[in-house]
Amino acid sequence: MSAKKRKKTKEPPRVEKTPPPAQAPGVEGIPPAVQAPRAGETPRPMEPVHPAETPRRDFLGRLWKILGIVALLEFLGVGLAFLAPKREAKKEGAFGGVITAGPAERFAPDTVTAFRQGHFYLARLPDGGLLALSRKCTHLGCSVPWVAEEKRFICPCHASVFDIQGNVANPPAPRALDLFPVSLVNGIVKVDTGKTIRRQRFEKSQAVYP
Ligand code: FES
């Protein structure tokens, strides 16, 4: 082929490649909106918070705090109740419970029988009445022994004296010996050492008669 013919041969039209759109400058993998503004850039303005939102948020925050405290207190209360030693039920036959003293006829009139475990004296009065007298002196709480020869209770601490009914025969004790309730069940004397009866002096209604 001649040189003239070669010139006339049409060349295929050139396709211009469109360059990809320029990416906004930023750190790879992080959307530009999230990135901190670079030096020289004008920072984007923060989204305005509606004025009504702030007190509402505060209120919700406080509410959650209160609920959290209440839940914590409940949890502590349950935990302490679980860990605290359970109060032993008052055992029958021991101090604090009901003590069976025995048949009433076993206690002769005008006598006093000591029940050390029960911390009381069972006094059988000359007229047959029964009293359970606390052994605790009403002055300062010393244990008061019964002196059978003198038929009196004489406190070793400050010399208070009580008669068989528990009345003060000699101060400084300010009042009669305390009582424990006595009951008779089929002729058996029972004393409830879980209840203390305070009194000033003896009255006949305090005694229990078989
Ligand atoms: S304690 Fe009994 S007289 Fe003081």
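User: What is a nonpolar core?

Analyst: The model discussed here is predicted. In it, a nonpolar core means a set of buried Ala, Val, Leu, Ile, Met, Phe, Trp, Tyr and Cys residues, and the members are joined through side-chain atoms within 4.5 Å.

User: Which residues touch the most other members of the largest nonpolar core?

Analyst: The largest nonpolar core has 19 residues. Strand S3 (120–124) and strand S4 (130–134) each give at least two residues to this core. A second, separate core has 13 residues, including Phe115 and Phe180. In the largest core, the members touching the most others are Val112, Leu131, Leu133, Phe153 and Phe162.

User: Which residue of S8 is the bridge partner of phenylalanine 162?

Analyst: Phenylalanine 162 has contacts beyond four places in sequence, among them Cys137, Phe153, Val168 and Leu177. S7 and S8 pair in the antiparallel sense over two bridges. The bridge partner of phenylalanine 162 in S8 is valine 168.

User: How many residues apart in sequence are the parts that the pair of cysteine 142 and cysteine 157 ties together?

Analyst: Cysteine 142 is in the loop between S4 and strand S5 (146–147). Cysteine 157 is in the loop between strand S6 (152–154) and strand S7 (161–162). The pair therefore ties together parts whose separation in sequence is 15 residues.

User: Is the disulfide of cysteine 142 and cysteine 157 left-handed or right-handed?

Analyst: The torsion about the S-S bond is about -100°. Because of that torsion, the disulfide of cysteine 142 and cysteine 157 is left-handed.

User: Is cysteine 155 buried or exposed?

Analyst: Buried means under 20% relative accessible area. Cysteine 137, at 5%, is buried, whereas cysteine 157, at 36%, is partly exposed. Cysteine 155 has 4% relative accessibility, so cysteine 155 counts as buried.

User: How many bridges join strand S10 to S11?

Analyst: Strand S11 (residues 188–192) pairs with strand S1 (residues 98–103) in the antiparallel sense over five bridges. Strand S10 (residues 182–185) also runs antiparallel to S11, with serine 183 having lysine 190 as its bridge partner in S11. The number of bridges joining S10 to S11 is four.

User: Which residue takes a positive phi in the hairpin of S10 and S11?

Analyst: This hairpin has two residues between the strands. The positive phi is near 55°. The residue that takes it is asparagine 186.

User: Which element of the protein chain has the lowest mean pLDDT?

Analyst: The protein chain has two helices and 11 strands, and its mean pLDDT is 81. S7 has the highest mean pLDDT among the elements, 98. Over residues 1–8, pLDDT stays under 50. The element with the lowest mean, 48, is helix H1 (residues 3–8).

User: Why should some predicted coordinates not be read in detail?

Analyst: Residues 1–8 have one contact beyond four places in sequence in the model. In the protein chain, 69% of the residues reach a pLDDT of 70 or more. Predicted coordinates should not be read in detail where there is low pLDDT.

Definitions and conventions: Residues are numbered from 1 along each chain as its sequence is written. This is a predicted model: local features need pLDDT of at least 70, side-chain atom pairs count only at pLDDT 80 or more; totals for chains, interfaces and linings use all residues. Side-chain values use heavy atoms; hydrogens and water are left out. Buried means under 20% relative accessible area, exposed over 50%, partly exposed in between (1.4 Å probe, protein chains only). Contact means heavy atoms within 4.5 Å. A disulfide is a pair of cysteine sulfur atoms within 2.5 Å. Two strands pair if DSSP finds at least two bridges between them. pLDDT is the predictor's confidence in each residue, from 0 to 100.
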